Amino acid sequence: IIAGVFYLMDNAFRVGDYIEAAGTNGMVEAISLRSLRMRHPRGMVNTIPFGDIGIVTNMSRDYIITKLDFRVRYDTDVEQVRKIIKKKVYEPIMQDEELGPKLLDKIKSQGVRQMDDSAMIMRVKYKTAPGEQFVIRKEVYRLMQEAFKEEGIEFALPSSSMRLMPDGAQSFDPDPGAQPSG
């Protein structure tokens, strides 16, 4: 009970908030003197005693920053990608009457995040009100795919390479003293 009072005094969560606590996540449906009731996204209801909650992550407050990674070929012009994100992804979304108000900041290309074996991994970042990130994500991916196709930029596919030995070359034998089988 005492732990519950402190969670409520700290305003850690309210009914309707989407939180992660005690190893599970869901929408807060009810708060009693002793426990918290959350509904998991797949429908299950979890009742968690306040003494078992531990760390609470509230995903319903203020804003959400979403970072989307995507893979492009090494010969991709990074500056061209940045311009595409601004002109052909961010601007159309901002001009959309339904989607524009859901963005709280610009959609930004953060450039190359990582160099992989077969691709450059780039990142796009944006800020929305909680719960609105999913509809924006869908539109960002759609607009990126269309703009990249139009501009001739290819997404990189995972790949691997194999090196073949030239004719007549000896293969590596890890145990040269072993007797041939057979």
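I take helices to be DSSP runs of H or I of at least four residues, numbered from the N terminus. The model I examined is predicted.

**Entry 1: helix α1 and the surface.** I located Phe6 in helix α1, which spans residues 2–9.

Entry 2: I traced strand β2 (residues 24–31) to strand β3 (residues 35–39) and found them antiparallel, joined by 4 bridges. Ala30 faces Arg37 of β3. I noted that 3 residues separate β2 and β3 in their hairpin. Strand β3 also pairs with strand β4 (residues 45–49), again in the antiparallel sense, over 5 bridges. Here Ser35 has Pro49 in β4 as its bridge partner. The β3–β4 hairpin has 5 residues between its strands, and I noted a positive phi of about 110° at Gly43 in the turn.

**Entry 3: nonpolar cores.** I looked up which residues touch the most other members of the largest nonpolar core. Among its 23 residues, these are Phe70, Val89, Ile93, Ile107, Val140, Met144 and Phe148. At least two residues of this core come from each of β6 (64–72), α2 (78–95), β8 (120–128) and α3 (133–151). I also recorded a second, separate core of 11 residues, including Tyr7, Leu36, Met38 and Ile48. Returning to Met144, I listed its contacts beyond four places in sequence: Phe70, Ile85, Val89, Val124 and Phe155.

Terms used. Residues are numbered from 1 along each chain as its sequence is written. This is a predicted model: local features need pLDDT of at least 70, side-chain atom pairs count only at pLDDT 80 or more; totals for chains, interfaces and linings use all residues. Side-chain values use heavy atoms; hydrogens and water are left out. Two strands pair if DSSP finds at least two bridges between them. A nonpolar core is a set of buried Ala, Val, Leu, Ile, Met, Phe, Trp, Tyr and Cys residues joined through side-chain atoms within 4.5 Å. Buried means under 20% relative accessible area, exposed over 50%, partly exposed in between (1.4 Å probe, protein chains only). Contact means heavy atoms within 4.5 Å.
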